[in-house]
Amino acid sequence: MERNMRSWSWPWPLFSVFLIAPLLFSVLIASTSVEARKHHHSYKKTHNRPHCNKHSNHRKGSDSGGGGFNPPADSTTDSTTYNVVSYGARGDGVTDDSQALVGAWKAACQVPGAATVKIPSGFRFLMRPVNLQGPCNGQLTLQIDGTLLALSRVGDWPKSSMFQWLNFKWVQNFTIQGSGTVDGQGSQWWTPSSLYYVQKMSKYIPDMKPTALRFYSSHGVTVRDIRIVNSPQCHLKFDYSGGIKVDNITISSPENSPNTDGIHLQSTRDVEIHHSNIGCGDDCVSIQSGCSNVHLHHINCSPGHGISVGSLGKDKSAACVSNIVVDNISLCNTLAGVRIKTWQGGVGSVKNVSFTNIQVSDVKYPIIIDQFYCDKHRCENQTAAVAISGVKYDQIYGTYTAQPIRLACSTTVPCVDVDVADIQLKPSTTSIAGIPSAASLCWNSYGKSQAPLLPSSIDGCLRRDTAYVKRVARSHEHVC
């Protein structure tokens, strides 16, 4: 009897397995979910501090720029999605599809709620210059998953549409997003021989090159995730706009493509540009007159001319720029790092500008204030100048190839309240021969410096502010 009871004893080890297995499975699922969330939240961190000339791969999904003529993955759409293919677009890279985009835009613009204009993946849509106007009745999204192509031949561009290619006017609460590419096909615009051919054939040579994407008098605009490449001139431009957010985009054109600014801001307020890769033939970001409350952060700039405020005050014009914050920027093989540039003869002011946590690698001039800016062989000396005050350079590290700091302020209107702190700049192994490794240029600049400072010559760069100097500088701010 005792032997039989033992043979029927409860199998506790096996029962434990059945109890523990579901628990382990639940823990595994939860752990996987946590890791997925961690991966999602750390996604944008890949932008920061790339190796030189190697932008981090922040693209979500595959590049739709190449490939053949394939149908879109989703042939059916909901009632508030307006696919350009449904409006007659061919997407073969040859046929003009611009009217299909305009048709889809007009239809979506009438929807009172949320609506989407869709550029599907797997297609290459050739677009002539178009104007996409608002205000629309609801919140509109332009979903770019395919490729938009500009006219590749300069001679094919209409003379009346030389200023921009895709022009958005008076739009509000508008988003451009997607995994696709906006290709300006601008190589002919960069070549003098191509422009000479146009002049010879049509007796006309354009004095203006088109911007790829331009927003005029628009508010509440978001641009995210897309690629903008090879624009004839500026890639992305905002004029007289506000409430702008640019996130996780890539801008790319060759280093030798002239005047191809990455992002250009003019008379635009309340701007945030972040977690993006920009490489071009001019300023990665250019902040012009009329801009205020601009925040740039976590941006990789290479190649290009750096992050610039200006140029301002050309042809004795008035310029007003204020409250600019630039931080967590990486620049590699650029002409400048962070700079302010103004023409002689201008009026107005630049004030409250901070450059913080800037990493430079093989940058020619990491820190610049240039109030003698001139893009011609010779410019006339003038006494008037845009007043510069309240500028901070803090935590700027890396290597330079020509000069670590260049503060060339106006002789008659000094720069005041310029603070320099924690600067550690070393000459690069590729420094220009004949220029001393610690050669700094400082002229009529007032403020204070704080260690550590490398090279040590930076410490003597700034003069001490006086009440008289500040009065002189601020007497020129009345225009703003």
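Student: Is Ser86 buried or exposed?

Tutor: Exposed means over 50% relative accessible area, buried under 20%, and partly exposed lies in between (1.4 Å probe, protein chains only). Ser86 has 61% relative accessibility, so Ser86 counts as exposed. Ser86 lies in the loop between β1 (81-83) and β2 (92-96). Helices (H or I, at least four residues) and strands (E, at least two) are DSSP runs, numbered from the N terminus. Ser86 and Ala100 are 14 residues apart in sequence and 8.2 Å apart in space, C-alpha to C-alpha.

Student: What should I know about the model?

Tutor: This is a predicted model: local features need pLDDT of at least 70, side-chain atom pairs count only at pLDDT 80 or more, and totals for chains, interfaces and linings use all residues. Residues are numbered from 1 along each chain as its sequence is written, and side-chain values use heavy atoms, with hydrogens and water left out.

Student: How is a pair of aromatic rings described?

Tutor: By the distance of the centres and the angle of the planes. Rings of Phe, Tyr and Trp (its six-membered ring) pair if their centres lie within 6.5 Å; planes under 30 degrees apart count as stacked, over 60 as edge-to-face and the rest as tilted. The count here comes to 11 aromatic pairs. Take Trp105 and Phe174: the ring centres are 5.4 Å apart and the planes stand at 75°, so this pair is edge-to-face. The pair links distant parts of the chain, with Trp105 in helix α3 (residues 98-109) and Phe174 in strand β9 (residues 172-177), 69 residues apart. Trp105 is buried at 3% relative accessible area, and Phe174 is buried at 2%.

Student: Which residues pair edge-to-face at 5.8 Å centre to centre?

Tutor: Trp157 and Trp189, with 85° between the planes. Trp157 is in the loop between β7 (147-149) and β8 (164-169), and Trp189 in the loop between β10 (181-183) and α4 (192-202), so the pair ties together parts 32 residues apart in sequence. Trp157 is buried, at 4%. Trp189 is buried, at 0%.

Student: Where does the charged end of Arg406 sit?

Tutor: A charge sits over a ring if NZ of Lys or CZ of Arg is within 6 Å of the ring centre and within 35 degrees of the ring normal. The charged end of Arg406 sits over the ring of Tyr365, 5.8 Å from its centre.

Student: Which side chain does Asp225 contact?

Tutor: A polar contact is a pair of N or O atoms within 3.5 Å; within protein, one must be able to donate a hydrogen and the other to accept it, and residues adjacent in sequence count only if both atoms are side-chain atoms. The side chain of Asp225 makes a polar contact of 2.8 Å with that of Asn248. Asp225 is found in the loop between β12 (219-224) and β13 (227-229). Asp225 counts as buried, at 14% relative accessibility.

Student: What joins Asp283 and Arg339?

Tutor: A polar contact of 3.0 Å between their side chains. Asp283 sits in the loop between β18 (269-279) and β19 (285-287). Asp283 is buried, with a relative accessible area of 2%.
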